[in-house]
Amino acid sequence: MDRNKNRSIKVDYIRSGWSISQAFNECLSAILKLTPLLLVDPKLLLEDEIEDRWKWFKGCLCALDGTYIQIRVPSQYKPRYMTRKGEIATNVLGVCDRNLNFTYVLPGWKGSDADGCVLRDAVTRRNGLKTHEGNYYLCDGGYTNGKGFLSPYRGYRYWLKDWQGDNPLPRCKEELFNMRHARARNVIEWTFGLLKGRWGIPRSSSWYLVKVYNMIISACCLIHNFIHREMEVDPLDINMEEQKEYQHENIDVVESSPEWTTWRDELAQSMWNARSNN
């Protein structure tokens, strides 16, 4: 456990540090055993979807992204965990559904590792991220646009803040696609925001061993799902924007695809044509 918190609990409950640590680890282990019950199964966006945010993305399984969570490691390992901003952190892949629940979490990668590498590892694991042929996740420009993973056009406005100010309207099909893609994909940002707003551990580094810290991150995601499922109104949602199995082969390679690029172009063109006709 974190040293400072361990000392505080020892005083509050008049127990030894060993007892506190033992109880903490037993509780952590119990939560992780509930993973099959607390992780949410992704649901396809169907052909009859009418919600404006999602109606263009039929067959989508929702969104994924990586987030950095600060961590403390021995000095000799700091270069491996250092992000581009110079922080010491672990790179966590998160996948969510449109209701802000986690459907897959992969903690443990080093801060220096690229998001694409983390995703490649996730899809090749035996119990990793499963994406059936013909379905896909929305992801940002840090990922390859290829089968199973739909990313925005690079070189065009993308982030939601880019649509504020004097030029709020898209000027071409690529920008229109990017705007609608960003609005839908932003659910993973909200989900990470809820996770970090709910728990102090993902917001600041602690003295847990790396292996234990990764387990804690997974447990926080699971309890987030439980709370979000059981509470009719989540207080943390108040200031946030509202927001079967198939017998197919799974995608186990993350690589660029001309076929996928063509499909993205066709989708962007259909968005642009529909806008022009309204």
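This is a predicted model: local features need pLDDT of at least 70, side-chain atom pairs count only at pLDDT 80 or more; totals for chains, interfaces and linings use all residues.
How many aromatic pairs does the structure hold? The count is 11.

**Stop 1: Y136 and its tryptophans**

Select Y136 together with W260. The two rings form an edge-to-face aromatic pair, with 6.0 Å from centre to centre and 75° between the planes. Y136 has a relative accessible area of 1%, so it is buried. W260, at 11%, is buried too.

Is W263 buried or partly exposed? Its relative accessibility is 27%, so W263 counts as partly exposed.

**Stop 2: a ring cluster and an arginine**

Next, select F57, Y153, Y156 and F177. Ring pairs join these four residues into a cluster. R264 lies over the face of the Y153 ring, 4.0 Å from the ring centre.

**Stop 3: helix α7**

Select residues 187–198, which make up helix α7. With 12 residues at 1.5 Å a residue, α7 should span 16 Å, and this agrees with the 16 Å between its end C-alpha atoms.

Now show the side chains of α7. Which residues of α7 are buried? They are V187, I188, W190, T191, F192, L194, L195 and R198. An α-helix has 3.6 residues a turn, so residues three or four places apart point the same way. With that in mind, look along the helix axis and follow V187, W190, T191, L194, L195 and R198, which are among the buried residues.

The strands to select include β1 (60–70), β2 (89–96) and β3 (102–110). The helices α6 (173–185) and α8 (210–230) also belong to this cover.

**Stop 4: cysteines**

Finish with the cysteines. A disulfide is a covalent bond between the sulfur atoms of two cysteines. How many disulfides are there? The count comes to zero.

Select C60 and C62 to see one case. The cysteine sulfur closest to that of C60 is in C62, at 5.9 Å, which is too far for a bond, since the cut-off is 2.5 Å. C60 has 0% relative accessibility and therefore counts as buried.

Then select C221 and C220. The sulfur of C221 has its closest cysteine sulfur in C220, 6.9 Å away, so a bond is ruled out by distance here as well. C221 is buried, because its relative accessibility is 2%.

Methods: Residues are numbered from 1 along each chain as its sequence is written. Side-chain values use heavy atoms; hydrogens and water are left out. Buried means under 20% relative accessible area, exposed over 50%, partly exposed in between (1.4 Å probe, protein chains only). Rings of Phe, Tyr and Trp (its six-membered ring) pair if their centres lie within 6.5 Å; planes under 30 degrees apart count as stacked, over 60 as edge-to-face and the rest as tilted. A charge sits over a ring if NZ of Lys or CZ of Arg is within 6 Å of the ring centre and within 35 degrees of the ring normal. Helices (H or I, at least four residues) and strands (E, at least two) are DSSP runs, numbered from the N terminus. The expected span of a helix is 1.5 Å times one less than its number of residues. Contact means heavy atoms within 4.5 Å.
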